[in-house]
Amino acid sequence: MSIRLTDIAKHYGRAGRALEPVSLEIAEGELVGLLGPSGSGKTTLLRIIAGLEAPDRAPAGRILFGDRDVTDVHVRDRRIGFVFQHYALFRHMTVFDNVAFGLTVLPRRERPSSGEIRARVHRLLEMVQLEHFASRYPAQLSGGQQQRVSLARALALRPDVLLLDEPFGALDAKVRQELRRWLRQLHDELGFTSLFVTHDQEEALEVSDRVAVMSHGRIEQIDTPDALYRTPANRFVFEFLGDVNHLEGEVRNGVLTCGEAHLAVALPDGPEELLLRPHEVRLAQAPTPEARLPVTVTAISPVGAEVRVEIAADWLVEPWLATLRHADYERLELRRGQRLFVIPRRWHRFSADATQQRQPAAA
Ligand SMILES: Nc1ncnc2c1ncn2[C@@H]1O[C@H](COP(=O)(O)OP(=O)(O)OP(=O)(O)O)[C@@H](O)[C@H]1O
């Protein structure tokens, strides 16, 4: 089931606009992440799609599921499955009864037979790999297992659309990662359309077909993870999607100067700010004719496949972060207090009118 929103806006009394008029299209079978800082309007948007919250009457926005206009349809009749951060399982019911609940309370004419309910619940528990936990109570399960029960429960009514609000927010990092992969698999197997809210960049980029980046009630950009990372629409998206190092200085005759640091750049004279990702910062024993950016290593932490190196200098307002491969780390024999030079691999620049330019460092 595809989802189409046009001009959906929301005010909360005098509190101001939680959502600017937003338009959004999600294709059938797509998994879209809503990513943004706290207060950017993610949950409001999700709740409006669910029918838990009404959009403003002006502008008169519409919500379509496929060809069906559901703008004024009650939440109960939208055929939606929900999963929230706090498991909200019924504590006095077994896992089986929790998953079966939505089916058992259907009006008689829509309710499957008890044999069919049993078969369907067992199939769902199998899918979430909890078939041996059917007779346990929520308190006897781990957080990750409880969240899998929530998902099975949300799927029991065979929703057209699955909405997840920070579904893994309360879990520890490792369980989160497992559940994300597993959500992706389940999504692909069952082919429903999903929208999930997160404030975790990595989670959004890893799981989603497309990610909508939100700030101040607006969608700043909606794109594939790869496109978002490579061609961010504006500075906000660039900064929100990963660590950024800032280089501020003054350009004169093709050279950016910042204290004792210099970098050749093909830019007009005037004040300038360049942005660099940690993996775009190379460290070397000596400067080059184009780049003379002396720094001191202040901290080193090997994290997984890369080494994170913090570097500082008098000409830098804030320390920079460089990520190195282990081979480079060993070759440079890095240690704290060591003096080195930064050679930018490339940098990014956003002008005031939000257009972005990116160029390789002058060679
Ligand atoms: N019931 C409400 N009454 C008044 N203001 C609200 C209400 N719900 C949300 N808001 C406001 O609307 C804005 C958007 O909130 P929303 O919960 O949608 O953001 P969010 O991106 O989901 O944030 P978080 O990640 O913290 O959950 C915020 O400024 C919030 O304070």
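**Entry 1: ground rules.** I number residues from 1 along each chain as its sequence is written. Because the model is predicted, I take local features at pLDDT of at least 70 and side-chain atom pairs only at pLDDT 80 or more, while totals for chains, interfaces and linings use all residues.

**Entry 2: confidence.** I looked up pLDDT, the predictor's confidence in each residue on a scale from 0 to 100, and found that the protein averages 90, with 96% of the residues scoring at least 70. The model as a whole scores ipTM 0.92 and pTM 0.84. Over residues 359-363 pLDDT stays under 50, and for this stretch I noted 12 contacts beyond four places in sequence, a contact being two residues whose C-beta atoms, placed from the backbone, lie within 7 Å. Where pLDDT is low, the predicted coordinates should not be read in detail.

**Entry 3: overall form.** I found nine helices and 22 strands in the protein, taking helices (H or I, at least four residues) and strands (E, at least two) as DSSP runs numbered from the N terminus. The C-alpha trace spans about 80 × 50 × 35 Å along its principal axes. Of the contacts between residues at least 6 apart in sequence, 65% join residues at least 24 apart. Buried residues make up 33% of the 363 residues, where buried means that 20 or more other C-beta atoms, placed from the backbone, lie within 10 Å of the residue's own.

Entry 4: I traced an open sheet in the order 2-1-4-5, with antiparallel pairing, two strands counting as paired if DSSP finds at least two bridges between them. Its edges are strand 2 (17-26) and strand 5 (68-69), each of which pairs on one side only. Strand 4 (residues 62-65) is joined to strand 5 by two bridges, and L64 stands opposite D69 in strand 5.

Entry 5: Which residues surround the ligand? I listed Y12, A15, A18, G36, S38, G39, S40, G41, K42, T43, T44 and H199, using a C-beta atom, placed from the backbone, within 6 Å as the limit. By class this shell has three nonpolar, eight polar and one charged residues, with Gly counted as polar. Helix 1 (residues 42-50) gives the largest share of the shell, three residues. I then checked burial along helix 1 and found K42, T44, L45, L46, I48 and I49 buried. Just after helix 1, G51 takes a positive phi of about 90 degrees.

Technical notes
Buried ≥ 20, exposed ≤ 12 C-beta atoms within 10 Å, placed from the backbone.
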